[in-house]
Amino acid sequence: MDAFYASIEQRDNPDFRGKPLAVGYSGDRGVVAAASYEARKYGVRSAMPSRTAIKKCPHIIFTPARFDVYREVSRQIREIFLDYTDLVEPLSLDEAYLDVTVNNIGMPSATILAREIKKRIKETTGLTASAGISINKFLAKVASDYDKPDGLFVITDKQAESFVEELKIEQFWGVGKVTAEKMHSLGIHTGADLKKMTKGSLIHHFGKAGHQYYLNARAIDNREVEPHRIRKSIGTENTYLYDLFEKEDLVNHLKEIAEETWERASKRNFYGRTITLKVKYADFQIITRSKTLNSFVNDYNFFWQTAVELLDTVDISQKRIRLMGLSMSNSQEVEKPKIYQLEINFEDLD
């Protein structure tokens, strides 16, 4: 979807249309959750501190997020997708992969199908979507960002390798600012540069992700569209208006986070074995503290007790804290070792 949250706000409030708009809180600790295309012309982006957004665009309008509305619109769009294919893998409220190789209406052209889906989304929600069409997830994702807003971009199998070679490394899925800077230091600026690197070298520098970069540089992505993605973690985090340094305040705020996390986990029947505390100091240094248990945590009191124990390991004597987060993960069953009863043929021991 194109500027999803901001576009919904502009749809529902005529006063916002055609104007720079940010969804979020405009205060000192505010962060832009989404920016309209009018705001993006000034360099305003999602996840940007609100103060920075206001400096870039002093006349920007801020409006609070309405996630209940965004979720309902997302549900409407998902229903449209499911009319065409059961293979829908949501990435977020505003983005999904669809495998339409075999589809519910027998349409042989993915391009025609994408146009029809875009048209139905516009008719149903009043919003525009951009579609990327290609032979795998990596290329489809790149294509979806290539012609925004209201775009439709196709990368055919014959175009794939040459297209990837010309991509800037920042356009590769999964390559953020820090990774891009590291790649630049290695002389990697384009897909063609990345393609020259050996698999071993990429794994050495980037760990497991190096293997995926090696494949993507060759326009290869063997991941299937997974309609039922397994949730790996659940959690909550809060950024505070004022930096925290008193232990009592930290415990009180941690309790709020723990209760919200537990409520979310209970609603989804999600229980893990690993509890992780995330802390961001006032100087933006981030640390985490984790504890993995032998059994699933299905009791709130034990969950809360473990959270407090993790907080006790955090040094608050030198720095104040601006953010805390708490999550639960590792929900998979631990495979128990198999025990075999061996049979001994005593007759052979004579």
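**A first look**

In strand E2, Ala 34 is the bridge partner of Val 23. Helices (H or I, at least four residues) and strands (E, at least two) are DSSP runs, numbered from the N terminus. This is a predicted model, in which local features need pLDDT of at least 70 and side-chain atom pairs count only at pLDDT 80 or more, while totals for chains, interfaces and linings use all residues. Residues are numbered from 1 along each chain as its sequence is written, and side-chain values use heavy atoms, with hydrogens and water left out.

**The three-stranded sheet**

- Strand E1 (residues 21-24) runs antiparallel to E2, and three bridges join them; two strands pair if DSSP finds at least two bridges between them.
- The open sheet has three strands in the order E2-E1-E3, and its pairing is mixed.
- Strand E2 (32-35) and strand E3 (61-63) are the edge strands, each pairing on one side only.
- From one strand to the next, the twist averages 30 degrees.
- Helix H1 (residues 4-12) packs on this sheet and touches E1, E2 and E3, where contact means heavy atoms within 4.5 Å.
- The direction of H1 makes about 110 degrees with that of E1; axes are lines fitted to C-alpha atoms, for helices over the stretch in contact, and angles run from 0 to 180 degrees between N-to-C directions.

**The four-stranded sheet**

- Another open sheet has four strands in the order E8-E11-E9-E10, with antiparallel pairing.
- Its edge strands, each pairing on one side only, are strand E8 (233-244) and strand E10 (286-292).
- The twist here averages 15 degrees from one strand to the next.
- Eight bridges join E8 to strand E11 (residues 321-329), and Leu 323 in E11 is the bridge partner of Thr 239.
- Helix H12 lies across E8, strand E9 (274-281) and E11, at about 155 degrees to E8.
- Helix H13 lies across E9, E10 and E11, at about 40 degrees to E9.

**The helix pair**

- H12 (residues 247-267) and H13 (residues 300-312) pack at an angle of about 140 degrees, and their axes are 10 Å apart.
- H12 and H13 are therefore oblique to each other (angles under 35 degrees count as roughly parallel, over 145 as roughly antiparallel, 65 to 115 as roughly perpendicular and the rest as oblique).
- Residues making the contact include Leu 250, Leu 254 and Trp 262 of H12, and Phe 303, Trp 304 and Leu 311 of H13.
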